[in-house]
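Good morning, and thank you for joining this group meeting. Please look at the sequence and the structure as I show them.

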Amino acid sequence: MSYYSRLNKSFEGALRLPLDPYTKYVLISDCHRGTGSSNDNFLKNQNLYFAALEHYYRLGYTYIELGDGDELWENSNMESIISIHSDVFCLLTQFYKHRRLYMLYGNHDMVKKDERYTSKNFSYWPWCANNPHLHKQPLLPGLKFYESIILENTCSPDSMDIYLTHGHQTDLFNSTLWKVSRFLVRYLWKPLERYGVLDPTSAAKNYTRQNKTEHRLHHWAEQEKHILITGHTHRPRLSSDDPYYYNSGSCVHPSCITCIEIEHMCIRLVKWTIATRADMSLYVARDVLAEVSLD
């Protein structure tokens, strides 16, 4: 099956959500939440991420995670990830209770497409579920992970819908052969990463593969006449010169996280970073990098 066919197939029967002037979505991808070890690339930006998440929760945004939320190629234990980043999962639980949480899976957390896996790992807090003497506290019971979501533009018949997926479908080893890639990452590239050796199969760490992936995603969106928003390459992208393909970036940039906001029929690429005031105190800053109107 070609990458084009895999992308087409990923949107068959996709969950559909409304898109109108009153809906507010925040799209975040590639958190790669880990177990707190030296390989946990999310750890350095966890405070930025939590501050951004609180901001979007207060303002009534619906949170959509575009895949690779948890690093399940390098790590096999989801309980450890939840335990280390419990504050994040507490806040995600609040989004979920208000029906403002939707999660996609990517190549690094492909196991989440198995409902038995999600039922086992996301129904209750791990330290409660494993201790019969503690009351089982609900975490994300009934949570389902999707391969794709379509935001249906209800403003006019001629308006383009927004298609959301992770973007791993463009590469055979990150989609069909993902178990082979997971094995290599977990037992070969993870140990070598400590010595500065980067995974050559990763679209986020290999410049050539990154360009090839983005070219394929853009080509599909242009041919299908859809707005396509993905993650996967970790390279944020939003431009008024390109009406088809955008990228939310990631949460594992060296000193910031990026995301995409959709509000009042406008798409914004946003960066969250640590900034300094004149009195030398630190604060979390939100900067709009680019903006495109859907009208």
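Predicted model: local features only at pLDDT ≥ 70, side-chain atom pairs only at ≥ 80, totals over all residues.

Residues are numbered from 1 along each chain as its sequence is written, and side-chain values use heavy atoms, with hydrogens and water left out.

Let us begin with the sheet of five strands. Helices (H or I, at least four residues) and strands (E, at least two) are DSSP runs, numbered from the N terminus, and two strands pair if DSSP finds at least two bridges between them. The order in this open sheet is β1-β6-β7-β8-β9, with mixed pairing. β1 (15-19) and β9 (245-247) are the edge strands with a single partner each, so one side of each has no neighbour in the sheet. From one strand to the next, the twist averages 25°; such angles run from 0 to 180 degrees between the N-to-C directions of axes, which are lines fitted to C-alpha atoms, for helices over the stretch in contact. Within the sheet, β7 (residues 162-165) and β8 (residues 227-230) run parallel and are joined by three bridges. There, Y163 stands opposite L228 of β8.

Two helices accompany these strands. Helix α8 (residues 207-224) lies across β7, β8 and β9, and runs at about 150° to β8. In helix α1 (residues 3-10), the buried residues (under 20% relative accessible area, with exposed over 50%, partly exposed in between, 1.4 Å probe, protein chains only) are Y3, R6, L7 and S10. They lie on the same side of α1, because they cover an arc of only 100° around the axis, taken from the directions from the helix axis to the C-beta atoms. These buried residues pack against β6 (148-153), β7 and α8, where contact means heavy atoms within 4.5 Å.

Strand β11 (residues 266-276) pairs with β12 in the antiparallel sense over 11 bridges, and I267 has V292 in β12 as its bridge partner.

What about the interior? A nonpolar core is a set of buried Ala, Val, Leu, Ile, Met, Phe, Trp, Tyr and Cys residues joined through side-chain atoms within 4.5 Å. The largest one has 41 residues, of which Y49, Y56, Y63, F89 and L92 touch the most other members. A second, separate core of 23 residues includes Y25, L151, I162 and L164.

Finally, the aromatic pairs: how many does a search of the whole structure find? The search finds 11, counting rings of Phe, Tyr and Trp (its six-membered ring) with centres within 6.5 Å; planes under 30 degrees apart are stacked, over 60 edge-to-face and the rest tilted. Y3 and Y4 are edge-to-face, because their planes stand at 70°, with the ring centres 6.2 Å apart. Ring pairs also link F11, Y163 and W220 into a cluster.
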